[in-house]
Amino acid sequence: MTRNLGVVLLSGGLDSTTVATQAVRDGYDLIAVTVHYGQLHSRELDAAATVAATLGLHQEVVDVSFFGRLAWYSALTNPERFAIPAERTPEEMATDIPITYVPMRNTFLLSLASAYLESHVLHVLEAKSASPESMRAALFIAANAIDYSGYPDCRPEFYRSLAETLRLGSKIGTQYGVPFKIETPLLQMTKAEIVRHAVRIGAPLDLTWSCYKGGPAPCGGCDSCLLRAKGFEEAGILDPAPTLT
C-alpha cells in the first residue's frame, strides 16, 4: 500500500487553498506550512489558519520574517520604498517582472517545506513504518504560469530543476531513493479554470484572501485582486470572499 506524505505551502489565497483541498481529496497525509517571510501584512496568515482548520490540516506557521530584510527589493517586503502597482491591465502585467516579485521567495519557501517533509519521511522510514518503495513524498505549491504576474519562480522549468536539486541534496533521495515531487497542479490553468475547479472540489473560497494589501477588505486594484476578479468573472461565478466596501 502506498503511503502518500505531503506538505502544502498554504498562503491563505485562492490558489493555495484549491491545491490543498485537491491534495486532501487525493488522499495525501498532508501538512500545511504557512510562512511569515516579512511580507507586507499578516491578513493572509489569518486566512491560512482558518483554511487549514477547515480542511482539518495540521498547520506549521514558520516565522522567518528576517527574510524580508534580505529580499528587500520588493513592494511586498519594503512598501515604504516601493509602491504596489495598481490598475494594470493583463497586457501590462505581462510586460516585465513586477516590483511585487520577492527575490528568491519560492526557492526559499520550498527549501523550508522540503526540510519539514524530509524530516517527516525519514521518521516514517527509519521507524520501519513503511518501505521506500511504498513512499511518495510531495511538495504542493500553487504556482501558475498563465494568469500570473511574470514571476520567474512560477515557470515549469524552475520546478523541474528544483525537484532534481532537492533529490540530490536529500537523504531520502540519495539513500532511500524516494524523490521529492514538486506538485504544481495549477501551473497550466487559467484563473477562470482554477475558480471552476475550486468550486467543483468544494474548496473553502469564502475564507481566502488574495489582496497584496492588508486592509479590512481587498483593495480591488493590485495585480492579485485584478487577476482574481478576472478569474471569477470569466468563470461566471460570484466571488464568495469579502468584497470591497
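Okay, some ground rules. It's a predicted model, so local features need pLDDT of at least 70 and side-chain atom pairs count only at pLDDT 80 or more, while totals for chains, interfaces and linings use all residues. Residues are numbered from 1 along each chain as its sequence is written, and side-chain values use heavy atoms, with hydrogens and water left out.

So, what's in the chain? We've got 9 helices and 5 strands. Those are DSSP runs, numbered from the N terminus: H or I of at least four residues for helices, E of at least two for strands. Reading from the N terminus, the order goes β-α-β-α-β-α-α-α-β-α-α-β-α-α. The radius of gyration, taken over C-alpha atoms, is 18 Å, close to the 18 Å from the globule rule for 245 residues, so the chain is as compact as a globular protein of that length. That rule, by the way, is 2.2 Å times the number of residues to the power 0.38. Along the principal axes, the C-alpha atoms fill a box of roughly 55 × 40 × 30 Å.

How much of the chain is buried? Buried residues make up 54% of the 245, where buried means under 20% relative accessible area, with a 1.4 Å probe and protein chains only. And contacts, meaning heavy atoms within 4.5 Å: among those between residues at least 6 apart in sequence, 75% join residues at least 24 apart.

Now the aromatics. The whole structure has 7 aromatic pairs, which are rings of Phe, Tyr and Trp (its six-membered ring) with centres within 6.5 Å; planes under 30 degrees apart are stacked, over 60 edge-to-face, and the rest tilted.

Look at Phe-67 and Phe-108: they're stacked, 4.3 Å centre to centre with 10° between the planes. Phe-67 sits in helix H3 (residues 67-70) and Phe-108 in helix H5 (residues 105-126), so this pair ties together parts that are 41 residues apart in sequence. Phe-67 is buried, at 7% relative accessible area. Together with Phe-66, Phe-67 and Phe-108 form one aromatic cluster.

Then there's Tyr-101 with Tyr-151, a tilted pair at 6.2 Å centre to centre and 50° between the planes. Tyr-101 is in the loop between helix H4 (90-93) and H5, and Tyr-151 in the loop between strand S4 (135-140) and helix H6 (156-168), so here the parts tied together are 50 residues apart in sequence. Tyr-101 counts as buried at 18% relative accessibility, and Tyr-151 counts as buried at 7%.

Notes:
Buried < 20%, exposed > 50% of the residue type's maximum accessible area, 1.4 Å probe, protein only.
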